[in-house]
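Here is a friendly briefing to read alongside the model. Please keep the structure open as you go through the points.

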Amino acid sequence: MASNESRRISDLETLKAFGHPLRMKLYRALYISRKATASQLAEQVDEAVSLVSYHLRKLADHGLIEEAEQQGADGRERWWQPASKRLNLHNEDFNDAPEKVATHAAVGRLVFDQHVELYRRYIDSAQSWPLKWRSAASGSEYLARLTAEELTALSREMHELIDRYEERGRARDEAGDTEDRENVALHLYAFPFRS
């Protein structure tokens, strides 16, 4: 990735560009692979290369991804990489106009739907994973009574912990320690509710 910093999406046009189901899938696939061509990504998402190329250019137009250095001898292939370590969306950036509120909510629902679909695929295929992976996987719900400040601190600490593990895993993977290493999805939601 070009930048080791997080990217905060705070403008409506970038949010709209990201808020497309295929673009989200492409971003996730590119994030996992770190660098890829449109052909490689098209294979992963089962779409035509021309369609994938179009959507990659749209993500690039908004600075969400960028061209990467050539990885092979074929100079005709265009390689892509995420432009930042991660993307962040904050409610306060989109609460000053009805269109912004609606778009932020729609993108949030789409992100959640894709997370649910990813977890459903795991559940449906869980028995095909070795026992150690099934044992390592987890699902939890915690219900706590916190202030907004306490929730902010808890979220920050969880993100810092996950960042450490992600950085350690990437470094080991890049150093050649790839045996028994898999992609792992960790979805966290922390929100207030009233029963």
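**Overview**

The protein chain has an accessible surface of about 13,500 Å², and 50% of that belongs to carbon and sulfur atoms. Accessible areas come from the Shrake-Rupley method with a 1.4 Å probe, and for residues only the protein chains shown count as cover. This is a predicted model, in which local features need pLDDT of at least 70 and side-chain atom pairs count only at pLDDT 80 or more, while totals for chains, interfaces and linings use all residues. Residues are numbered from 1 along each chain as its sequence is written, and side-chain values use heavy atoms, with hydrogens and water left out.

**Fold and overall dimensions**

- The protein chain contains seven helices and five strands; helices (H or I, at least four residues) and strands (E, at least two) are DSSP runs, numbered from the N terminus.
- Reading from the N terminus, the order of elements is β-α-α-β-α-α-β-β-β-α-α-α.
- The radius of gyration of the protein chain is 18 Å, close to the 16 Å from the globule rule for 195 residues, so the chain is as compact as a globular protein of that length. The radius is taken over C-alpha atoms, and the rule is 2.2 Å times the number of residues to the power 0.38.
- The C-alpha trace of the protein chain spans about 60 × 50 × 30 Å along its principal axes.

**Burial, contacts and charge**

- Of the 195 residues of the protein chain, 26% count as buried. Buried means under 20% relative accessible area, exposed means over 50%, and partly exposed lies in between (1.4 Å probe, protein chains only).
- Among contacts in the protein chain with a separation of 6 or more, 65% come from residues 24 or more positions apart; contact means heavy atoms within 4.5 Å.
- The protein chain carries 28 positive and 33 negative side chains, and the centres of the two sets lie 2 Å apart. Lys and Arg count as positive and Asp and Glu as negative, with His and the chain ends not counted. Each charge is placed at NZ of Lys, CZ of Arg, CG of Asp or CD of Glu.

**Helix α5**

- Helix α5 (residues 98–125) has 28 residues and reaches 41 Å from its first C-alpha to its last, close to the 40 Å expected at 1.5 Å a residue. The expected span of a helix is 1.5 Å times one less than its number of residues.
- The buried residues in α5 are Thr-103, His-104, Val-107, Leu-110, Gln-114 and His-115.
- The cover over the buried residues of α5 includes α1 (12–18), α2 and β5.

**Helix α7 and what follows**

- Helix α7 (residues 148–174) has 27 residues and should span 39 Å at 1.5 Å a residue, which agrees with the 38 Å between its end C-alpha atoms.
- Ser-155, Asp-163, Gly-169 and Arg-170 are the buried residues of α7, and they pack against α2 (21–33) and β5 (86–89).
- Leu-154 also sits in helix α7 and counts as partly exposed, at 38% relative accessibility.
- After α7 comes Gly-176, with a positive phi near 100°.

- Most residues other than glycine have a negative phi.
- Asp-46 has a positive phi, near 55°. Asp-46 lies in the loop between α3 (38–45) and α4 (49–61) and counts as exposed, at 68% relative accessibility.
- Asp-180 has a positive phi of about 60° and is not a glycine either. Asp-180 is in the segment after α7 and is partly exposed, with a relative accessible area of 42%.

- Leu-59, in helix α4, is buried, with a relative accessible area of 0%. Leaving aside neighbours within four places in sequence, Leu-59 is in contact with Ala-17, Phe-18, Arg-23, Tyr-27, Leu-64 and Ile-65. The C-alpha atoms of Leu-59 and Thr-147 are separated by 37 Å.
- Ser-135, in helix α6 (residues 131–136), is exposed, with a relative accessible area of 55%. The C-alpha atoms of Ser-135 and Arg-78 are separated by 40 Å, and the two residues are 57 residues apart along the chain.
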